[in-house]
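Visitor: I am new to this structure. Please take me through a close look at one part, the helix packing, and then link it to the strands.

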Amino acid sequence: MNLNETAARHGFCVDRVRESKELGGQLVEMHHEKTGAQLAWVDNGEVNKTFCVAFKTLPEDSTGVFHILEHSVLCGSAKYPVREPFVELMKSSMATFLNAMTFPDKTIYPVSSRNEQDLFNLMSVYLDAAFCPLIHERPEIFMQEGWHYEFDGESGEPYYNGVVLSEMKGAFSDVDTLIGNEMHRLLYPNTSYG
């Protein structure tokens, strides 16, 4: 597609077009007129077609709320109200990458496929999940994904449980992760990476 700085498509206006040696092709930077959303498009002939929606998620504390929200968003949406739409997608999709990730300062939802129609299908599910999640109608989704109390069947003692809690227990038992986190804490003490 040949775009220049005066081009407009689907409400997006082109801000800048430039060649990028690092990306091996043309980088087109755009913004959406109504929402201000930013869009970067790389045309480099790659066979994997990739799409990603990303959000700034700057936490005020280390409770992991944005990681819990990342999981919660992927538990159904207005258009796809099934429990785990991405598990269902994997059964029939030709996706080469399908995931979501939360960093200390952002949450991203990337997908990739070599098939254009498959990519459009994946994008439809991801965009609906990101902008119309069922979490608004079903608060129990957040409770399930986040940490919560459960009671031991035999002793009756309470204990913490939750999908993200279990995932993070695994991550924080990894020595490399602990070293990396401590380095971030020391190098970037007044940021979300610290």
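Guide: An axis here is a line fitted to C-alpha atoms, for helices over the stretch in contact, and angles run from 0 to 180 degrees between N-to-C directions. Helices (H or I, at least four residues) and strands (E, at least two) are DSSP runs, numbered from the N terminus. This is a predicted model: local features need pLDDT of at least 70, side-chain atom pairs count only at pLDDT 80 or more, and totals for chains, interfaces and linings use all residues. Residues are numbered from 1 along each chain as its sequence is written, and side-chain values use heavy atoms, with hydrogens and water left out.

Start with helix α2, residues 85-92. Its partner is helix α3, residues 116-131. Their axes come within 11 Å and cross at roughly 175°. That makes α2 roughly antiparallel to α3 (over 145 degrees). Now look at the contact (heavy atoms within 4.5 Å). From α2 come Pro85, Phe86 and Leu89. They meet Leu122, Val125, Tyr126 and Ala129 of α3. The contact of α2 with α3 divides into 7 nonpolar, no polar and no charged residues. Ala, Val, Leu, Ile, Met, Phe, Trp, Tyr, Cys and Pro count as nonpolar, Asp, Glu, Lys and Arg as charged, and the others, Gly among them, as polar.

Now turn to helix α1 (residues 65-73) and helix α5 (residues 163-171). These axes come within 10 Å and cross at roughly 120°. α1 and α5 are therefore oblique to each other; oblique is what remains after under 35 degrees (roughly parallel), over 145 (roughly antiparallel) and 65 to 115 (roughly perpendicular). On the α1 side, His67, Ile68 and His71 make the contact.

Next, the strands. Strand β9 (residues 148-151) runs antiparallel to strand β10 (residues 158-161), and 4 bridges join them. Strands pair if DSSP finds at least two bridges between them. Tyr149 has Tyr160 of β10 as its bridge partner. β9 and β10 form a hairpin with 6 residues between them. In that turn, Gly156 has a positive phi of about 75°.

Another part is an open sheet of 4 strands, in the order β1-β2-β3-β4, with antiparallel pairing. Its edge strands, β1 (8-9) and β4 (38-43), each pair on one side only. β1 pairs with strand β2 (residues 12-20) over 2 bridges. There, Arg9 has Phe12 of β2 as its bridge partner. Strand β3 (residues 25-32) and β4 pair over 6 bridges. Met30 has Leu39 of β4 as its bridge partner. β3 and β4 form a hairpin with 5 residues between them. Gly36 in this turn has a positive phi of about 80°.

Last, the aromatic rings. The structure holds 7 aromatic pairs (rings of Phe, Tyr and Trp, its six-membered ring, with centres within 6.5 Å). One is Phe55 with Tyr109: edge-to-face, 6.3 Å centre to centre, 75° between the planes. Edge-to-face needs over 60 degrees; under 30 is stacked and the rest tilted. Phe55 sits in strand β5 (residues 49-56) and Tyr109 in strand β8 (residues 106-113), 54 residues apart.
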